[in-house]
Amino acid sequence: MSNDEFRAAMSRLAAGVVLVTAQEPPLDPDDPRAPAGEDVGMTATAFLSVSLDPPLVLVSLREGSRMDDLLDEQPLWSVSVLSESQRHIAGRFSMKGRISDRLLFADIPYIRGEHSGAPLVGGALATLECRTEQRVPAGDHTLVIGRVLTAHLPSADGSPLTYFRGRYRHLA
């Protein structure tokens, strides 16, 4: 089986779309005048609930990606479950060779998570704050299992943004 055959087969699996965010630690945590760390975000479709007791979720990150490296040192992170009206956010944070994340967050309404300090997107269907419990190497990805610290429903209305056959879709 080739990579293309596997990719084509997996593209037939519809997935929800989330924005995973985290805040880099300050450059020098001992110096209050040191610049704060930058916000980092990435679009993910490989995200799922793992356990209710304790509440655990899993996100799959490409090994060596900026988010993988960051979550290796920063245990606190957040997830915003995107609605179909937030397709532009998903596209923005999935671009390869993109501009700095600071500029990507510039015109997106968000609040900071009380535990993670990471951006939680306004208008998301749900938001979660997590603390990494386990990191599992899996091929060319890292499976990050996080304990859910908070869960909120900022926008109970709306339909989820989904990804199917290589494109963002909405439920009919």
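Which residues does T162 touch, not counting residues up to four places away in sequence? I shall return to that question once the setting is clear.

Good morning. The structure before you is a predicted model, in which local features need a pLDDT of at least 70 and side-chain atom pairs count only at pLDDT 80 or more, while totals for chains, interfaces and linings use all residues. Residues are numbered from 1 along each chain as its sequence is written, and side-chain values use heavy atoms, with hydrogens and water left out.

Let me begin with the whole protein. It contains 4 helices and 12 strands; these are DSSP runs numbered from the N terminus, with helices being H or I of at least four residues and strands being E of at least two. The C-alpha atoms fill a box of roughly 50 × 40 × 35 Å along the principal axes. The radius of gyration is 16 Å, which agrees with the value near 16 Å for a compact globule of 172 residues. That radius is taken over C-alpha atoms, and the globule rule is 2.2 Å times the number of residues to the power 0.38.

Of the 172 residues, 39% count as buried. Buried means under 20% relative accessible area, exposed means over 50%, and partly exposed lies in between, with a 1.4 Å probe and protein chains only. As for contacts, meaning heavy atoms within 4.5 Å, residues 24 or more positions apart account for 65% of those with a separation of 6 or more.

Now to the strands. As a general point, strands of a sheet pair through backbone hydrogen bonds, either parallel or antiparallel. Here, two strands are said to pair if DSSP finds at least two bridges between them.

T162 lies in strand β11. Setting aside residues up to four places away in sequence, T162 touches A15, V17, R167, Y168, R169, H170 and L171. T162 is buried, with a relative accessible area of 12%.

β11 and β12 form a hairpin with 2 residues between them. R165, in the loop between these strands, has a positive phi of about 55° although it is not a glycine. Most residues other than glycine have a negative phi, and most peptide bonds are trans. At 47% relative accessibility, R165 counts as partly exposed.

The peptide bond from D53 to P54 is cis, with omega near 5°. P54 lies in the loop between β4, residues 47-51, and β5, residues 56-62.

How far apart are M67 and D53 in space, C-alpha to C-alpha? They are 26 Å apart, with a sequence separation of 14 residues. M67 is found in helix α2, residues 66-73, and is buried, with a relative accessible area of 2%. Leaving aside neighbours within four places in sequence, its contacts are V20, T21, A22, V40, G41, M42 and L61.

Strand β6, residues 76-81, is joined by 6 bridges to strand β9, residues 126-138, and the two run antiparallel. V79 has L128 as its bridge partner in β9. Strand β9 is in turn joined by 11 bridges to strand β10, residues 141-152, again in the antiparallel sense. There, T132 has G146 as its partner. β9 and β10 form a hairpin with 2 residues between them, and G139 in the turn has a positive phi of about 60°.
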